Amino acid sequence: MVGENFAGNIIINLANLPDFLRNPILKKRMMEFFSLPEDERKEVINNALEAGPTIPFPNFSKLFKTWLKILTTLSEEQRAGLFSAYITEIAQSPHKLIAFNVDGILEIFLTLEKNERETLANTIKKIINSLDENSKRKVTIIIPDNAKKHLNL
């Protein structure tokens with residue numbers, strides 16, 4: 001089985017689980033991320049970035065919303081660690097974000113409670129502002145203006 005399809009199948013399977021199963025399984029996987037060596041973390045991020053756009057959006061959106069909600073329950077350090085890994089990879093390879101339905105992702109973000117949106121936006125803003133100028137420019141170019149507004153960028 002091809003790695004991309006395998007990652008996609010995992011995402012689809014997680015998305016199709018009822019909330020009471022999806023939430024703890026995804027949270028456990030997210031917590032395992034922090035115990036991985038750097039090269040494996042990068043592989044996980046790349047697999048997710050490659051598989052995400054191949055997943056039917058209704059399935060992806062359920063999983064992504066669960067992921068965001070779990071992120072709001074993590075410590076700032078953990079949340080920043082996960083977001084930073086994704087943002088760093090996107091800064092190195094901006095085309096990976098372009099393949100996503102970014103407007104749809106923003107719509108999912110906007111369905112969160114106000115305090116959850118603020119928590120996530122503050123973390124994302126801190127990470128982007130801490131990037132070197134070249135990386136910051138690459139990331140901000142591919143973020144739609146509407147998303148920048150909601151993230152206070």
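## About the model

The model is predicted, so local features need pLDDT of at least 70 and side-chain atom pairs count only at pLDDT 80 or more, while totals for chains, interfaces and linings use all residues. Residues are numbered from 1 along each chain as its sequence is written, and side-chain values use heavy atoms, with hydrogens and water left out.

## Helix α3

Let's start with helix α3, which covers residues 38-51 and has 14 residues. Helices here are DSSP runs (H or I, at least four residues), numbered from the N terminus. From its first C-alpha to its last, α3 reaches 20 Å, close to the 20 Å expected at 1.5 Å a residue; the expected span is 1.5 Å times one less than the number of residues.

I45, N46, L49 and A51 are buried in α3. Buried means under 20% relative accessible area, exposed over 50%, and partly exposed in between, using a 1.4 Å probe and protein chains only.

## How α3 meets α5

Two packed helices are described by the angle between their axes and the distance between the axes. The axes of α3 and α5 (residues 76-92) come within 10 Å and cross at roughly 70 degrees. Axes are lines fitted to C-alpha atoms, for helices over the stretch in contact, with angles running from 0 to 180 degrees between N-to-C directions. The two helices are therefore roughly perpendicular to each other, a label for angles of 65 to 115 degrees. The crossing of α3 past α5 is right-handed, meaning that the near helix is turned clockwise from the far one by less than a right angle.

On the α3 side, K42, I45, N46, A48 and L49 meet A85, Y86, E89, I90 and Q92 of α5. Contact means heavy atoms within 4.5 Å. By class, this contact has six nonpolar, two polar and two charged residues. Ala, Val, Leu, Ile, Met, Phe, Trp, Tyr, Cys and Pro count as nonpolar, Asp, Glu, Lys and Arg as charged, and the others, Gly among them, as polar.

N59 sits in helix α4 (residues 57-73) and counts as buried because its relative accessibility is 17%. Leaving aside neighbours within four places in sequence, N59 touches I12, A15 and N16.

T111 lies in the loop between α7 (102-110) and α8 (114-130) and is partly exposed, with a relative accessible area of 47%. T111 and F57 are 54 residues apart in sequence and 15 Å apart in space, C-alpha to C-alpha.

Most residues other than glycine have a negative phi. N152, though not a glycine, has a positive phi of about 55 degrees. N152 belongs to the segment after α10 (145-151) and is partly exposed at 48% relative accessibility.

Technical notes
Angles under 35 degrees count as roughly parallel, over 145 as roughly antiparallel, 65 to 115 as roughly perpendicular and the rest as oblique.
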